[in-house]
Amino acid sequence: MQIHYLSNENSVLNHFLGQIRNIHVQKDSMRFRRNIERIGEVMAYELSKNLHYKNIEIQTPLGIKKTTQIEDNLVLCSILRAGLPLHLGFLNYFDDAENGFVSAYRHHYNNDDAFEIKVEYQAVPEIENKNLLLIDPMLATGQSMVAVFNQLLKKGAPKQIHIAVVIAVPEGIDYLQKNLPDNVHLWVATLDEKLNEKNYIVPGLGDAGDLAYGNKL
């Protein structure tokens, strides 16, 4: 697996990352969603450097200009519900992309810290021979990402696979490396320290879905 860490160099990305973590700023759900969206835009720009392009000619009012445009067919697929603001950031840049949505959650079958991943709702276009961008803000254990990935592969074989996450931890990255193909690209906005005993990211930011859309039952 090829890993791209985006916050190693100072940029406006780190400014947005700081705001989504700040307990005084993140209380504003609209601002939290917008910051996640802006992080998605920055990540989309960085990821775009890894895509394939073709030469084209553009007719301007005064002549012809040679340039390039994205040649790949892109499918953006986010994990509900936390992935939606990040998905929108990518869609702001990849406006011709097709879109898919999958639900995945931790099912605590004994009402304790033990869980299994449930993948249920799916609305996904054809992915065969296309570039699949799998989007989720938090990479904790990595189990949800692998479960969704395996479910999507039942629908076809993408030409190239990218995974985009805002915050990851070493445990989640290790799990992906053990369970995903070597040719997958993992894009990480920032890397955190570890998981705690409940498998939550530390220092993290809390529950991204709740911060974006309100508490759930």
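Start your tour by selecting N199, which sits in the loop between β11 (194–195) and β12 (strands, E, of at least two residues and helices, H or I, of at least four are DSSP runs numbered from the N terminus). This is a predicted model, in which local features need pLDDT of at least 70 and side-chain atom pairs count only at pLDDT 80 or more, while totals for chains, interfaces and linings use all residues. Residues are numbered from 1 along each chain as its sequence is written, and side-chain values use heavy atoms, with hydrogens and water left out.

Look at the backbone of N199: its phi is near 65°, a positive value in a residue other than glycine. N199 is partly exposed, at 24% relative accessible area (under 20% is buried, over 50% exposed and in between partly exposed, with a 1.4 Å probe and protein chains only). Now jump to N129, in the loop between β6 (116–123) and β7. Here too phi is positive in a residue other than glycine, near 60°. Most residues other than glycine have a negative phi, and most peptide bonds are trans.

For peptide bonds, select V202 and P203: the bond from V202 to P203 is cis, with omega near 0°. P203 belongs to the loop between β12 (201–202) and α6. Another cis bond links L80 to R81, with omega about -5°. You will find R81 in the loop between β4 and α3.

Next, show R106, M138, Y200, D207 and K216. Of the 31 residues that line the largest pocket, these lie nearest its centre (on a 1 Å grid over the protein atoms alone, a pocket is an open set of points where a 1.4 Å probe fits, with protein on both sides within 12 Å along at least five of seven lines; lining residues have an atom within 4 Å of a point). This pocket holds about 910 Å³ of space (the space filled by probe spheres set on points joined across faces, edges and corners). Colour β5 (98–107), one of the elements that supply at least two lining residues; β5 gives the most, four residues.

Then pick out I70, D72, N73, L74, Y93, F94, D95, D96, A97 and E98, which line the second largest pocket. Its volume is about 200 Å³.

F90 is buried at 0% relative accessible area, and F94 is buried at 5%.

Now widen the view: along with I39 and M43, F90 and F94 touch the most other members of the largest nonpolar core, which has 36 residues (a core is a set of buried Ala, Val, Leu, Ile, Met, Phe, Trp, Tyr and Cys residues joined through side-chain atoms within 4.5 Å). Elements giving two or more residues to this core include α2 (29–48), α3 (84–93) and β9 (160–168). The largest share, seven residues, comes from α2.

Finish at β2 (residues 53–60) and β3 (residues 63–70), antiparallel strands joined by eight bridges (strands pair if DSSP finds at least two bridges between them). Two residues separate β2 and β3 in this hairpin. Select E57 and you will see K66 of β3 standing opposite.
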